[in-house]
Amino acid sequence: MEVGLSSLKEDYRIYILRKTVFMIACISVALLALGLSVSFGKYEIGFFESYGIIIDHLRGIEPADEMKHYIVWELRLPRAIMAIAVGAGLGIGGAAMQSMLRNPLADPYTTGVASGASLGAAVAIILGICLIPSLTGQYAIVVNAFFFSLIPATIIVLISKYKKTTPTMIILAGIGVMYIFSATTSLLMLIAEPDSLAEVYIWTVGSLGRASWENIPLVITFVIIGIIIIQTNSRNLNILAMGDKNAISLGVNALRTRLTLLVTIAFLTAGIVSFTGTIGFVGLIAPHIVRIFLGSDNRYLVPASAALGAALLIVADCIAKEAGATGLPVGVITAIIGGPIFLMILLKMRSKAWN
Amino acid sequence: MSGDAGSSEFSSEDMKEQYHSYILRKILFIILCFILVIILGGYALTIGGREIAHLDVYRILWEHLNGAEYPRGTSEWWDDYIVWEIRLPRVLMAIIAGISLSVCGVAMQSMLKNPLADPYTTGMASGAVFGAVVAIVLGMSFTTAMGMYGIVGNAFIGGLIPALVIITISKFVRTTPATLILAGIALSYMFNALKTLLLITTNEENIQEAYIWQIGSVQDAVWADIPLMFAMTVIGSIFLLSTSRQLNLLTLGDDSARSLGLDASQFRTVCLILLSLMIASIVSFTGIIGFVGLVAPHMVRMILGADNRFITPASMALGATLILAADVVGRTIVAPGELPVGIIMSFIGAPIFLYLIIRQKKGYGEVY
């Protein structure tokens, strides 16, 4: 009996250790890729040199090379930090969405949020209309994208509030709404000038090219609030995974929890998407890889997905920057890497855990 | 006893009567669609720069078919030329695309036992478009064929990839409609990304081209496009119509199908290749026209009930009507400009998709 207990304790210790190691590994990869991302680009800056410049700046030392300092600090670092914040946000969004809807293929965009944001951006870019009339340019796009992305999310929340919905229905309704919004965006794109068309197109693919120091605090705020709410709900998420009836008998109001999370994820995704456009598959894949290593306990799944999402997106962005003559939108890279992984997941779904 | 026999005879008469009116309603539906196609098609032939009256169009077509020849340059010659050479291919393309895509939709729904399957939602159309873009942009062919056949060949291979993926998945995993549609979306995402990659790296200004490829339209139709898509549609439709019994068996599951004498996996492979060919031959010329394969069979089920013998022919008729109507609407509401039929179909199809999900009733083909 005692032997059993101590081996159990041992097992538990290893389990926790594995989680810690995994998180540390993810964070180190993200930090390494940060340096890589900063040193990549037309202007040659060494890998270690870029860390040196960042550390010098943080310590308040006068930069030796003004030009390099400008490129690193003003141009490349915001993009790298944006990648980390966005990746983390999409990672937790995906983890929560999958546990909540009990579908391994759900991702933050399943609520149609991304299609709403694309439409908002298209309205701003092509028609030059903004919901807050005095705004123009970049801000108009962001504001429109944010508010428009809340429309499909609201529709889904309303449907799931007034109709007795199953998780499947939420997913399919999200897709239905997405189809409608995409059609509207297509209509706008049809009348667009070639220049604005290219802008909207890149937007729908998703890119980190517009990151700047001004955007970062907002995105980080959204991500941090999102992490806090989802993390505090992670126990409830564990219970939801056992089915609505079991959840109710354990004192968790399944519908209300789902609604809270849906609203949180909608705001989180809207906050991210309005700055970057639709970056697919990160929210889908990060939680899956985490599940392979750590299992489905949401208390660990959520933070680990955030860490891994950040690492994945910044690595993808490094590839995107180097690909082609002028670089590609990062969404293209995540789709090309993510698509096959997605299919593997589907084939692996025979495992009982999800059915 | 005799009284009993009499009453039973009466009720069987009654039943026959009911059955006849039931069959009649179905046949009437198909005839109605047929008439609509003729009226809409005739109307579509009147749209354009040169004014030609609706009824004249039919006369011109009839006379052309009877081998009428006009001296070059006369007014009759121009009427004939414009109707026959310029406007008719577009109408025919819309009709053929409508028929082909709805047949594919019906077949896929039975094959995958999934009411939300269609060439668009399963990603097959995106795969085919990607294949076609490879042929157009890189001038590269997966097969040895060149030119138009090279494009269609590539589209075929491109469409086959998602088809294989979906079939493999649905064979090994018990997919719900949600899973299938998500897989379809992921596949189309991936193919879109690859297409973007291709077009951006070859030429930065090609985004517009990439985009225009994405929305289906029949506006560039010419006679040269018609024979191939027509042939594929005829072959495919005849095969699928004549095997509708086998398709029905597939919906019972592979084991039941086998015990009833059907080699399910072999039959599915044949269907799959045929469907990919049909979709490729359409998509290579029109781009992606979504939802026809989804909307037509579902509307038929709502109107006529779920009788599989009629769903295929009725969907073909309705599909042709739908695309033709969408094209006419697209050309008239913003005249003299026009909206591609793909966009109009999305506006019709997407709300119906949503409706099917939110308000499901038994008997229309349950959504999940």
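**Confidence and fold**

Reply: Starting with confidence, chain B of this predicted model has a mean pLDDT of 82, and 88% of its residues reach 70 or more; pLDDT is the predictor's confidence in each residue, from 0 to 100. The model is a predicted one, in which local features need pLDDT of at least 70, side-chain atom pairs count only at pLDDT 80 or more, and totals for chains, interfaces and linings use all residues. Residues are numbered from 1 along each chain as its sequence is written, while chains are lettered from A and ligands numbered from 1 in the order in which they are written.

Me: Which elements of chain B have the lowest and the highest mean pLDDT?

Reply: Among the elements of chain B, the lowest mean pLDDT, 66, belongs to helix 7 of chain B, and the highest, 92, to helix 8 (residues 226–242) of chain B. Residues 1–7 of chain B have pLDDT below 50, and beyond near neighbours in sequence this stretch has zero contacts in the model, a contact being two residues whose C-beta atoms, placed from the backbone, lie within 7 Å. Residues 361–368 of chain B also have pLDDT below 50, but that stretch has 21 contacts beyond near neighbours in sequence. Where pLDDT is low, the predicted coordinates should not be read in detail.

Me: And what ipTM and pTM does the predictor give the complex?

Reply: The predictor gives the complex an ipTM of 0.76 and a pTM of 0.80.

Me: How many helices and strands are there in chain A?

Reply: Chain A has 14 helices and zero strands, and chain B likewise has 14 helices and zero strands; these are DSSP runs numbered from the N terminus, with helices (H or I) of at least four residues and strands (E) of at least two.

Me: What about the overall dimensions of chain A?

Reply: Along the principal axes, the C-alpha atoms of chain A fill a box of roughly 70 × 50 × 35 Å. A compact globule with 355 residues would have a radius of gyration near 20 Å, and the 21 Å of chain A agrees with that; the radius is taken over C-alpha atoms, and the globule rule is 2.2 Å times the number of residues to the power 0.38.

Me: How much of each chain is buried?

Reply: Buried residues make up 53% of the 355 residues in chain A, and in chain B 51% of the 368 residues count as buried. A residue is buried if 20 or more other C-beta atoms lie within 10 Å of its own, exposed if 12 or fewer, and partly exposed in between, with C-beta atoms placed from the backbone.

Me: Switching to the interface, how many residues are in contact?

Reply: On the chain B side 36 residues are in contact with 38 residues of chain A. Helix 6 of chain B gives the most to the side of chain B that touches chain A, with 16 residues. By class, that side of chain B has 29 nonpolar, six polar and one charged residues, where Ala, Val, Leu, Ile, Met, Phe, Trp, Tyr, Cys and Pro count as nonpolar, Asp, Glu, Lys and Arg as charged, and the others, Gly among them, as polar.

Me: What do the buried residues of helix 14 of chain B pack against?

Reply: They pack against helix 6 (167–190) of chain A, together with helix 3 (75–111), helix 12 (292–304) and helix 13 (308–332) of chain B. The buried residues of helix 14 of chain B include Val341(B), Phe353(B) and Ile357(B).

Me: Where does helix 14 of chain A bend?

Reply: Helix 14 of chain A bends by about 30° at Gly338(A), and Pro340(A) follows within four residues; the bend is the angle between axes fitted to the seven residues ending at a residue and the seven starting there. Gly338(A) is among the buried residues of helix 14 of chain A.

Me: Last topic, which phi values are positive in residues other than glycine?

Reply: Phe281(A) has a positive phi of about 75°, and Phe281(A) lies in the loop between helix 11 (254–276) and helix 12 (282–294) of chain A. Phi of Phe291(B) is also positive, near 75°, and Phe291(B) sits in the loop between helix 11 (264–286) and helix 12 of chain B.

Me: Are those two buried or exposed?

Reply: Phe281(A) is buried, with 28 other C-beta atoms within 10 Å, and Phe291(B) is buried, with 29.
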